[in-house]
Amino acid sequence: MERDKVARNSFTMKSSTTLSATRQDQGERCQPSESDVNEEADEKIKPILSVDSMVKRKNQSTRSQPRKRKRKVSNIELCPVKTLRAWADLYSANYRWFQSGFKKLDLLLGGGINTGEVLEVVGSSSIGKTQLCLTVASYLAAVSEDSIIFVDTANTFSPTRVQALYQAVTTKPLRQGLKQIKVYKALNAFALNTVLEEIRSKLQNRKDQFFRRLRLLIIDSIGIIAPFTKKFRGLALMAETGRRIQALAQRFNIALLVINSTVRDEGPTALKPALGETWSHFADARISMYINPLDKSERLMALVKSHNMKLGSCVKFSFNDIGQLS
């Protein structure tokens, strides 16, 4: 019995020692060695380049690429224009003028209507602004082969008047003259800007022969913007319209004839142009049509704004039976 107990105790001690030894072996196998840890760290952590090394690499890459040769710009000497004759030659090379068909208006403008500029005609209702536009359009179509665009914002264009004015100037076929005049309808300010943008795109494409010969653009009248100017967005719309008109005149070297109405000013009989002072900066020249306060039967036309003509000149005008100005 005692021998059996001793044998059992020895067996349990041996089994425990062997079990602990196997556990130690397994633990040693599961735990990584220091060399393994260092190798894994070297693989994961990459060395960071210093600033000097990064600059050197960049310089080496730029040196390997071929350098672009710089173009030498020659110095251009600007010769000052000293004489009035030279200024006149320089102006006439870029701009040209044409007669309006009304000699007194040509006298006020120094010979005629200038291309590349905006001419504004201001006057009260029924003073003859539309009749002046029809006279200029029909006369230009009769004496030249240039094209004319009439933007009608108030249904004032009259084909019968154009026909009568055209036949009074020339004996050319009427059909040929009417082909030179194209009419656009724009009954609000947004439609007017759409028409101006369409004209600009066609002038830029230069595919249509009509637009290649365009010399005069008439807007009767710009006062259609007046109801929108009481709000902030309306002022922005007016400024956008003015910039479009100026761009058409200057970029494509055409004449802009713009009609504007009048509104009440301080005083019982005082009148001033519509659209305020802001709009006046978009016009290069301004003609005022009014009734003589001393003689109600007399109509006057005065030059109130111009870059190259003396202001204050005034002429009388009237209409004959067919509507011609005299």
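Ala, Val, Leu, Ile, Met, Phe, Trp, Tyr, Cys and Pro count here as nonpolar, Asp, Glu, Lys and Arg as charged, and the others, Gly among them, as polar. The exercises below concern a predicted model, whose protein chain has twelve helices and twelve strands.

**Exercise 1. The second largest cavity**

Determine which residues line the second largest cavity, and how they divide by class.

Solution. The space in this second largest cavity comes to about 30 Å³. Its lining is formed by Leu-105, Ile-113, Leu-119, Val-121, Leu-132, Val-136, Leu-257 and Ile-287. Strand E3 and helix H6 (129-143) are the elements that give two or more residues to this lining. When the classes defined above are applied, the lining of the second largest cavity has eight nonpolar residues, no polar and no charged ones.

**Exercise 2. The largest cavity**

State how many cavities of 30 Å³ or more are counted, and describe the space and the lining of the largest cavity.

Solution. The count comes to two cavities of 30 Å³ or more, and about 130 Å³ of space lies in the largest cavity. It is lined by 15 residues, of which Leu-109, Asn-114, Glu-117, Leu-119 and Ala-285 are the closest to its centre. Two or more lining residues come from each of helix H5 (103-109), strand E2 (113-114) and strand E3 (118-123). By class, the lining of the largest cavity divides into eight nonpolar, five polar and two charged residues. Leu-119 is listed in the lining of the largest cavity, and Leu-119 is also listed in the lining of the second largest cavity.

**Exercise 3. The setting of Asn-193**

Decide whether Asn-193 is buried or exposed, and identify the polar contact that its side chain makes with another side chain.

Solution. Asn-193 belongs to helix H9, which spans residues 189-205. Because its relative accessibility is 7%, Asn-193 counts as buried, the cut-off being under 20%. On the polar side, the Asn-193 side chain makes a polar contact of 3.0 Å with the side chain of Thr-241. A polar atom of the Asn-193 side chain also lies 2.9 Å from the backbone oxygen of Ala-189. If residues up to four places away in sequence are not counted, Asn-193 touches Leu-237, Glu-240, Thr-241 and Arg-244.

**Exercise 4. The buried face of H7**

Explain why the buried residues of H7 are said to line one face of the helix, and name elements that cover them.

Solution. The buried residues of helix H7, which covers residues 159-169, are Val-162, Leu-165 and Tyr-166. Seen down the axis of H7, these buried residues fall within an arc of 100 degrees, and therefore they line one face of the helix. Among what covers the buried residues of H7 are H6, helix H8 (174-178) and strand E5 (181-185).

**Exercise 5. Ile-149 and burial in the chain**

Work out what surrounds Ile-149 once its neighbours within four places in sequence are left aside, and give the share of the protein chain that counts as buried.

Solution. Ile-149 is found in strand E4, residues 147-152, and Ile-149 is buried, its relative accessible area being 0%. Beyond the neighbours left aside, Ile-149 is in contact with Lys-182, Tyr-184, Ile-199, Phe-210, Phe-211, Leu-214, Leu-216, Leu-217 and Ile-218. For one of these pairs, Ile-149 and Phe-210, the separation is 61 residues in sequence and 9.8 Å in space, C-alpha to C-alpha. Turning to the chain, 36% of its 326 residues count as buried. Among its contacts between residues at least 6 apart in sequence, 66% join residues at least 24 apart.

Note on methods
Residues numbered from 1 in each chain as written. Predicted model: local features only at pLDDT ≥ 70, side-chain atom pairs only at ≥ 80, totals over all residues. Heavy atoms only, no water. 1 Å grid on protein atoms, 1.4 Å probe; cavity = no way out; pocket = protein on both sides within 12 Å on 5 of 7 lines; lining within 4 Å. Points joined across faces, edges and corners; volume = space filled by probe spheres on them. Helix = DSSP H or I, 4+ residues; strand = E, 2+ residues; numbered from the N terminus. Buried < 20%, exposed > 50% of the residue type's maximum accessible area, 1.4 Å probe, protein only. Polar contact = N/O pair within 3.5 Å; in protein donor to acceptor, adjacent residues only side chain to side chain. Contact = heavy atoms within 4.5 Å. Arc of directions from axis to C-beta.
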